[in-house]
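Please consult the sequence and structure shown here while reading.

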Amino acid sequence: MTIALFDPDRHQHLDIGGWDADRACDTIERIVSDARRAFTPKGLWKIHPNDQEGDEEGPHTSLYFGAAGVIWGLNHLVSEGAASTGPSFAEYLPEIQNRNRSMLESKAWRELLGSAWQTRSWLLGDAGILFTQWKITRSEAVLSSLAEAIAENTEDPSLELMWGAPGTMLAALDMYRHSGSTFWKDLYCAGARALEASFHYDERLGAHIWTQNLYGRVGQYLGPVHGYAGNVHVLLKGRDLIGDAQWASLSSQIARTLEVTAVKSSYGVNWPSRAQPNRDGAPLLLQHCHGAPGMVTALSGLKEPIDELLLGGGELTWKAGPLKKGPGLCHGTAGNAFAFLKLFERTGDTIWLDRARRFAMHAIMQSDAEAAYLGCRRFSLWTGDIGLACFLWECVRGSARFPTVDVL
């Protein structure tokens with residue numbers, strides 16, 4: 001049965017004008033100003049309707065789509081000179097961590113994660129919040145807790161970026177780059193060894209793959225948030241800490257997996273959410289977390305002959321158009337456009353920068369329209385307007401640093 005590369009109903013026609021750097025910078029400043037005005041010590045930032053699950057009321061607190069991520073984004077934009085100075089809200093991070101830990105220790109989260117339950121992860125747990133606190137305050141007091149979270153996550157069975165060792169390895173690697181301390185290098189390398197040891201050959205697939213134990217289920221995910229691509233990206237970032245012979249073997253295995261899991265047509269290239277998807281003919285997703293945009297973004301730094309696959313993924317993302325879901329990173333227009341920025345970085349071809357900037361203008365329109373309709377902005381990093389602001393700044397700079405993955 002033929003698999004549709006994407007679902008046109010999930011996308012919009014790109015019909016907005018050309019790049020306007022002044023408008024992009026103005027949008028960044030408006031988002032930052034709105035975020036500062038919306039903050040309250042008790043409520044932090046209200047859950048946006050599109051981030052709300054069920055009848056939950058309390059604010060989200062994590063790096064992924066909660067208060068820690070907003071604080072990370074505000075600090076990043078000010079540090080870069082992309083936004084005016086103002087309150088950092090860093091003094092609230094200890095309380096934010098406590099509230100986040102209480103949420104993860106609830107019965108609902110324990111049941112959701114099953115035997116793999118934990119509270120230490122990069123995007124949803126302690127590590128991301130602790131690192132954000134250190135980044136802004138340079139408080140040495142948090143480093144022992146951060147190191148403990150990273151070390152305990154080395155053998156986590158989720159084997160993916162959001163919950164597992166790959167995410168917390170990012171913090172270890174950044175701390176090593178900052179300090180030069182072998183302590184943090186060793187934490188990263190321990191995770192890298194565990195990842196390599198769990199990258200097994202699958203006879204049915206004909207390639208190596210990681211198998212995730214996630215949310216009580218076992219599967220072989222491909223994308224940069226929950227699977228193979230995210231793991232690869234973290235290994236790529238620490239490539240210099242892996243031996244040349246070891247990396248040569250691993251790199252060729254990684255490229256083989258990308259090839260055998262690709263779904264190709266004359267229209268472009270996409271990848272399913274899982275290495276061995278159900279062949280029911282359902283259209284594949286085409287977004288950062290699952291699909292070609294995230295695969296291109298995560299693997300663009302791999303020095304293997306994979307350009308045809310990456311360019312095919314980029315072309316499909318362009319032809320499909322912006323996502324209807326909104327302007328965000330994880331499953332929105334900005335996230336998809338990061339693939340264009342990465343292809344510009346890899347190839348030097350300015351067509352990809354131009355395409356990223358066209359998507360950026362559309363994402364601004366989406367953000368403003370949603371805010372006008374709902375009467376509020378979406379204050380989150382990976383799903384909302386703070387992530388959009390970070391993406392817009394990359395478009396202004398002509399660079400390709402994905403928040404909390406490429407730039408920490």
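**Basis of the model**

This is a predicted model, in which local features require pLDDT of at least 70 and side-chain atom pairs count only at pLDDT 80 or more, while totals for chains, interfaces and linings use all residues. Residues are numbered from 1 along each chain as its sequence is written, and side-chain values rest on heavy atoms, with hydrogens and water left out.

Helices (H or I, at least four residues) and strands (E, at least two) are DSSP runs, numbered from the N terminus. A residue is buried under 20% relative accessible area, exposed over 50%, and partly exposed in between (1.4 Å probe, protein chains only). Contact denotes heavy atoms within 4.5 Å.

**Positive phi in two loops**

Most residues other than glycine have a negative phi. Leu44 has a phi near 55 degrees, a positive value in a residue other than glycine. Leu44 is situated in the loop between α1 (21-38) and α2 (67-79). Phe89 also is not a glycine, and its phi is positive at about 65 degrees. The loop that holds Phe89 runs between α2 and α3 (93-104). Leu44 is buried at 2% relative accessibility, and Phe89 is buried with a relative accessible area of 6%.

**The nonpolar core**

In soluble globular proteins, nonpolar side chains tend to be buried together. A nonpolar core is here a set of buried Ala, Val, Leu, Ile, Met, Phe, Trp, Tyr and Cys residues joined through side-chain atoms within 4.5 Å. The largest such core has 138 residues, and those touching the most other members are Trp45, Leu146, Tyr188, Tyr228, Leu235, Trp382 and Phe391. Leaving aside neighbours within four places in sequence, Trp45 contacts residues including Ala35, Pro59, Leu74, Phe89 and Phe379.

Thr132 belongs to helix α5 (residues 126-137). Thr132 is buried, with a relative accessible area of 1%. Beyond four places in sequence, Thr132 is in contact with Leu63, Ala68, Ile71, Trp72 and Leu93.

**Helix packing**

Two packed helices are described by the angle between their axes and the distance between the axes. Axes are lines fitted to C-alpha atoms, for helices over the stretch in contact, and angles run from 0 to 180 degrees between N-to-C directions. Angles under 35 degrees count as roughly parallel, over 145 as roughly antiparallel, 65 to 115 as roughly perpendicular, and the rest as oblique.

| Helix pair | Axes come within | Crossing angle |
|---|---|---|
| α1 and α2 | 11 Å | roughly 135 degrees |
| α6 (143-152) and α8 (182-197) | 10 Å | roughly 25 degrees |

The α6 helix is therefore roughly parallel to α8, whereas α1 and α2 are oblique to each other. In the latter pair, Ile28, Val32, Ala35 and Arg36 of α1 make the contact with Leu74, Leu77 and Val78 of α2. In the former, Leu143, Leu146, Ala147, Ile150 and Ala151 of α6 meet Phe183, Trp184 and Leu187 of α8.

Helix α11 (residues 292-299) is largely enclosed by the rest of the structure, because eight of its eight residues are buried. The buried residues of α11 pack against α9 (228-237), α10 (244-261), β6 (268-270), α12 (307-320) and α13 (333-347).

**Cysteines**

A disulfide is taken as a pair of cysteine sulfur atoms within 2.5 Å. Zero disulfides are found in a search of the whole structure. For Cys289, the closest cysteine sulfur is that of Cys330, at 3.9 Å, which is too far for a bond. Cys289 is buried at 7% relative accessibility, and Cys189 is buried with a relative accessible area of 10%.

Arg99 lies in α3 and is partly exposed, with a relative accessible area of 25%. Its C-alpha atom is separated by 9.5 Å from that of Gly58, 41 residues apart along the chain.

Leu323 is placed in the loop between α12 and α13. Leu323 is buried, with a relative accessible area of 2%. The C-alpha atoms of Leu323 and Leu14 are separated by 9.9 Å, although these residues are 309 residues apart along the chain. Residues touched by Leu323, not counting those up to four places away in sequence, include Arg10, His11, Gln12, Leu286, His331 and Gln366.
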